[in-house]
Amino acid sequence: MADTYDWKAQREKKAFLALEDGSVFRGRSVGAKIDRTGEVVFNTGLSGYEEILSDPSYAGQFVTMTCPEIGNYGMNTADMESRALFLNGFLMHEYNEPSNWRSEESLAHALEKAGVPAIDGIDTRALTLKLRSSGTLKGYLHCDGSELPEETAIARAREWCGLDNQDYASKVTCRENYRFDPDGAITRSWPMTEELPPLEHKIVAVDFGIKWNILRSLRLCGMDVQVVTAKTTAEEILALHPEGVFLSNGPADPAALPYASEMAAKLIGKVPIMGICLGHQILGRAVGGKTYRLKFGHHGCNHPVKNLITGAVEITSQNHNFALDPESLPDCVEVTHINLNDGTVEGLRHRTAPMFSVQYHPEAAPGPHDPFYLFRQFKEMLKK
């Protein structure tokens, strides 16, 4: 476990991050003592590192926290968003030991136990500016304590295949189908909900890397959720006789999941559908649209999105590296939301079939709750 007062380790900075462009950022190892490759991104959230660490959408990535102080409220199981930590590495300016009554263990211990390498003591501001300027970069994180030439690490970063055309959803999906929280105990425990609405609608949620707060949010809206694995077919889903289908968030490149787009295309018009994040991109591709890689992605809790239907502006939580090409979308769908920072597509709805999707996370965790109404919108669609 990391020691805050280990000044010798802080000065020596034997751990380092090597980027494919030849840059090297030296720091102190505060997680698992292993080396790993990954795609380097930055998250602008001021808090919520527990939920970020346990978000399966970060599989294959090194997450850089732009907030300089990380770790002060430790880690606890109530804030986890999945069964494990799926990210490839964690980058901080300064790690802190926990000082919070809810903490069950330190961040450093949780990272070490989960086998996730991490460093602190690096200039995260300089790294973030580099990523904004050059775009997302492949990296090699050296934390095993051995002597490794920087040139070797840079070469390994360049040799790594990256995340393009890689199916990471099948790596993080649930191992088998299950019914979520049949007795309501999980949902009642967070966010401190005493009374739950009755179960009114049976839906199927396809797990491409689903967050637990999505499942809680669906249950809070009276939905009885059957979770199925990423490669479940349309025929298998319809055999469960759901009133609606939910397509979840998930990691990496939507173009690498042709089986998911094929499944979604077969469901459109047969059952009401809601999708978020990767699920949004899958639905866009299912109707014939194309996706492309963003320069440095959207990762954070403060992205402004305009609802083109109502004119309202929502502050949203986001985590994705790909987006839908608006020029490729057919006339059967219309864009309902746009990102006010860069104009990218943030929402879709079908003109004739009961289907809509958003690129951002209405369940937050972490982040604002402005878009929670979308779960209620899905419920109204089921009623009709």
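Helices here are DSSP runs of H or I with at least four residues, strands are runs of E with at least two, and both are numbered from the N terminus.

Before going on, the basis. This is a predicted model, in which local features need pLDDT of at least 70 and side-chain atom pairs count only at pLDDT 80 or more, while totals for chains, interfaces and linings use all residues. Residues are numbered from 1 along each chain as its sequence is written, and side-chain values use heavy atoms, with hydrogens and water left out.

Back to α3, residues 107-114. Its buried residues are Leu107, Ala108, Ala110 and Leu111. They cover an arc of only 165° around the axis, so they sit on the same side of α3. Buried means under 20% relative accessible area, exposed means over 50%, and partly exposed is in between, with a 1.4 Å probe and protein chains only. The arc is that of the directions from the helix axis to the C-beta atoms. What do the buried residues of α3 pack against? The partners are α2 (49-53), β5 (69-70), β6 (89-91), β7 (94-95) and β8 (118-120). Contact here means heavy atoms within 4.5 Å.

Now some loop residues. Which residues other than glycine have a positive phi? Asp181 has phi near 45°, and Cys277 has phi near 55°. Asp181 is in the loop between β10 (178-179) and α7 (185-189); its relative accessibility is 5%, so Asp181 counts as buried. Cys277 is in the loop between β14 (273-276) and α11 (278-286), and is buried at a relative accessible area of 1%.

Phe208 is in the loop between β11 (201-206) and α8 (212-220). With 0% relative accessibility, Phe208 is buried as well. Its C-alpha atom is separated by 9.2 Å from that of Val228, 20 residues apart along the chain.

There is a cis peptide bond between Ala365 and Pro366, with omega about 0°. Pro366 is in the loop between β19 (355-358) and α12 (373-383).

Finally, the whole chain. It has 12 helices and 19 strands. The radius of gyration is 21 Å, close to the 21 Å that the globule rule gives for 384 residues, so the chain is as compact as a globular protein of that length. That radius is taken over C-alpha atoms, and the globule rule is 2.2 Å times the number of residues to the power 0.38. The C-alpha trace spans about 65 × 45 × 40 Å along its principal axes.

Buried residues make up 59% of the 384. Of the contacts with a separation of 6 or more, 75% are between residues 24 or more positions apart.

That is the end of my list. Questions are welcome.
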